[in-house]
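Biologist: Could you take me through one part of this model in close-up? I'd like to hear about the aromatic rings.

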Amino acid sequence: MSGSFEFDIHSSAKSYHVLAGTGIVRPHVEGSRAILICDEVLPTYYPWLEREASILIQAREEFKTLDTIGVLIEQLRKRGTTRSARVIAVGGGIIQDVATFAASCYMRGIGWDYVPTTLLGMVDSCVGGKSSINVGSYKNIAGNFYPPDTIWVDTDFCSTLSSAQMIEGLCEAVKICYASTDNAFDRYLALADAGDLLRDPAHVVKVIALTLATKKVFIEEDEFDTGIRLLLNFGHTFGHALEGASGYRISHGIAVGLGMLASFSFSEAQGLVDRSCARASKLRAHLRWLLAQVPGLDAELARIPADDLLRHFDSDKKHTAEHYVVIAYDADGALVRHLTPRTAAIERTLHHAFAAMERELDEI
């Protein structure tokens with residue numbers, strides 16, 4: 001496979017283009033008059049992102065709020081942004097969330113492009129057109145669908161990512177491939193066996209290509225998250241609880257990796273799957289290998305009170321008033337949307353699932 005690829009994603013809002021390669025973003029940005037919405041740390045590594053029209057934002061979870069959206073809209077107006085203007089958002093998932101929301105609201109919607117600068121953004125969140133904004137203590141409770149015109153995936157940005165940041169992206173990549181009903185998971189594992197997924201650019205671009213092609217199928221079949229695309233919430237309900245209870249010291253991708261392990265323990269306790277399931281065992285082994293390389297993760301988990309985990313789990317927006325909703329494993333290791341009543345017994349099962357997740361890491 002070559003080091004570049006491109007394809008279109010079709011949606012009812014509009015079709016948009018994904019273009020990937022090495023060294024493709026700088027010429028696009030320098031040749032454009034667009035206003036940049038940019039993670040404030042990026043010009044330190046990439047000085048060509050520092051320009052008069054740039055709006056620099058702190059890419060931290062506590063700033064992914066409606067207040068930030070208001071500030072961003074004000075900044076666009078102060079720069080004389082019109083309906084015909086173009087915005088280029090440059091950064092990871094937080095930048096994408098606030099830029100998506102602001103671009104959709106400003107003057108009832110302006111055109112924009114997105115440049116993901118994290119592996120997590122490159123393999124997952126860059127496609128789908130969703131924004132998710134935190135309000136008060138409620139994570140991702142507000143949002144909309146407003147896809148960019150073009151997504152520019154430049155693997156040059158991976159050169160400045162830490163191993164933990166690369167692992168974040170790989171956790172989301174393997175999640176998407178595992179959720180698929182075709183052979184994407186086996187193809188992902190073959191890539192993992194064939195080279196260094198953390199640092200080999202040739203293998204990284206193959207993972208990105210595989211994962212985006214896999215997610216494209218989910219998006220085009222279920223644009224608005226009402227059917228099969230809900231399976232991509234795999235690991236997220238447990239993961240969001242870990243993020244919130246840790247005060248976001250555990251980052252999103254790492255939390256999703258942990259959440260997939262917790263989901264297995266929950267599914268096992270519910271009688272949905274057992275440890276003889278070969279497909280699930282392969283995933284768990286790969287996740288343990290990835291997460292073992294995250295510095296200080298075991299100590300961070302040990303700091304989280306069990307009751308805080310359940311409180312954050314309980315407030316997840318995907319639950320109903322009567323039921324917890326979890327993406328679980330079935331007997332074959334495939335994913336299913338599982339509803340279970342909110343009872344004291346289930347709360348004990350959830351506590352057990354989080355504890356079993358920690359024990360899995362201790363066994364590495």
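**A look at the aromatic rings**

Phe234 and Tyr329 are both buried, where buried means under 20% relative accessible area, exposed over 50% and partly exposed in between, using a 1.4 Å probe and protein chains only. Before going on: this is a predicted model, so local features need pLDDT of at least 70 and side-chain atom pairs count only at pLDDT 80 or more, while totals for chains, interfaces and linings use all residues. Residues are numbered from 1 along each chain as its sequence is written, and side-chain values use heavy atoms, with hydrogens and water left out.

Searching the whole structure turns up 17 aromatic pairs. Rings of Phe, Tyr and Trp (its six-membered ring) pair if their centres lie within 6.5 Å; planes under 30 degrees apart are stacked, over 60 edge-to-face, and the rest tilted. Take Tyr46 and Trp48: their ring centres are 6.1 Å apart and the planes sit at 65 degrees, so that pair is edge-to-face. Tyr46 is buried at 10% relative accessibility, and Trp48 is buried too, at 16%.

Back to Phe234 and Tyr329: they also make an edge-to-face pair, 5.3 Å centre to centre with 85 degrees between the planes. Phe234 is in the loop between α8 and α9 (236–245) and Tyr329 in strand β10 (residues 323–329), so the pair ties together parts 95 residues apart in sequence. (Helices are DSSP runs of H or I, at least four residues; strands are runs of E, at least two; both are numbered from the N terminus.) Ring pairs also join Phe234 and Tyr329 with Tyr178, Phe185 and Phe264 in a cluster.
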